[in-house]
Amino acid sequence: MNLILFGPPAAGKGTQARRLADEHGMIQLSTGDMLRAARASGTELGKKVAGIMDRGDLVSDDIVIALIEEQIQQKGADKSYIFDGFPRTVAQAEALDALMRRHGTRIDAVIRLEVDEARLIARVEKRFKDEGRADDNPESFKVRLGRYNQDTAPLLPYYQAQGKLNGVDGMASIEEVGAGIDKALRGVKRQGKKAIHAG
Ligand code: ADP
């Protein structure tokens, strides 16, 4: 089973992706984490993306698509993946569909964390104080939310049309959000079995 965790910045995708990876033996692929790792190790790629990330803008599609493809090639398409923070544009979603098809697999479900933007801003202010992530400062966060609404929200009709979209309330506690995701996944698995029997 391959999943996309979808939602605006700071919706809690990373937290839930790590939990799913631990509890369900899935592999978390976070382009944000990969880019931060590239910066921390001072690679050419890291230097190239640093300014873009700190501003809150999106790194180019080819860079993140290449990072994801590399991971799937290395780890194998027979594994179960959770995509977190990717895809973020329709071009990335199309590239992901094509890549999965080339490797004989597919995206099974998209879990959308439904959140309230005003309350997200409060969450990020707290995360900025606690963790000091440069792109959590109020100016960059405004850019990230704007990018999400402009470039990433159009993925909702894209996945809705594929019948893969599942909504989960993202404003509840971490445990409750986790339970909501697990429930949605059980529904997806049941649907999958039905489809096999019907086909
Ligand atoms: P968030 O908390 O906003 O979900 P991430 O950790 O996913 O943050 O990403 C941090 C930054 O890394 C983004 O603001 C962007 O600059 C870059 N980035 C991560 N994933 C992508 C992607 N799929 N496409 C373009 N840029 C990305």
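Author: In the lining of the largest pocket, the largest share comes from helix α6, which gives 6 residues. The model is a predicted one, in which local features need pLDDT of at least 70 and side-chain atom pairs count only at pLDDT 80 or more, while totals for chains, interfaces and linings use all residues. Residues are numbered from 1 along each chain as its sequence is written, and side-chain values use heavy atoms, with hydrogens and water left out.

A pocket, on a 1 Å grid over the protein atoms alone, is an open set of points where a 1.4 Å probe fits, with protein on both sides within 12 Å along at least five of seven lines, and a lining residue has an atom within 4 Å of a point. The largest pocket holds about 1200 Å³ of space, where a volume is the space filled by probe spheres set on the points, which are joined across faces, edges and corners. Its lining has 50 residues, and the closest to the centre are Ala10, Lys13, Arg127, Arg133 and Arg144. Two or more lining residues come from each of β1 (3–6), α1 (13–24), β2 (27–30), α2 (31–40), α6, α7 and α9 (174–198); helices (H or I, at least four residues) and strands (E, at least two) are DSSP runs, numbered from the N terminus. By class, the lining of the largest pocket has 19 nonpolar, 15 polar and 16 charged residues, with Ala, Val, Leu, Ile, Met, Phe, Trp, Tyr, Cys and Pro counted as nonpolar, Asp, Glu, Lys and Arg as charged, and the others, Gly among them, as polar.

Most residues other than glycine have a negative phi, whereas Ala10, which is not a glycine, has a positive phi of about 70°. Ala10 sits in the loop between β1 and α1.

The axes of α6 (residues 117–131) and α7 (residues 138–152) come within 11 Å and cross at roughly 140°, an axis being a line fitted to C-alpha atoms over the stretch in contact, and an angle running from 0 to 180 degrees between N-to-C directions. α6 is therefore oblique to α7, since angles under 35 degrees count as roughly parallel, over 145 as roughly antiparallel, 65 to 115 as roughly perpendicular and the rest as oblique. Their contact (heavy atoms within 4.5 Å) involves Glu117, Leu120, Ile121, Val124, Arg127 and Phe128 of α6 and Pro138, Phe141, Arg144, Leu145 and Asn149 of α7. These residues of the contact of α6 with α7 comprise 7 nonpolar, 1 polar and 3 charged.

The lining of the second largest pocket divides into 3 nonpolar, 5 polar and 4 charged residues.
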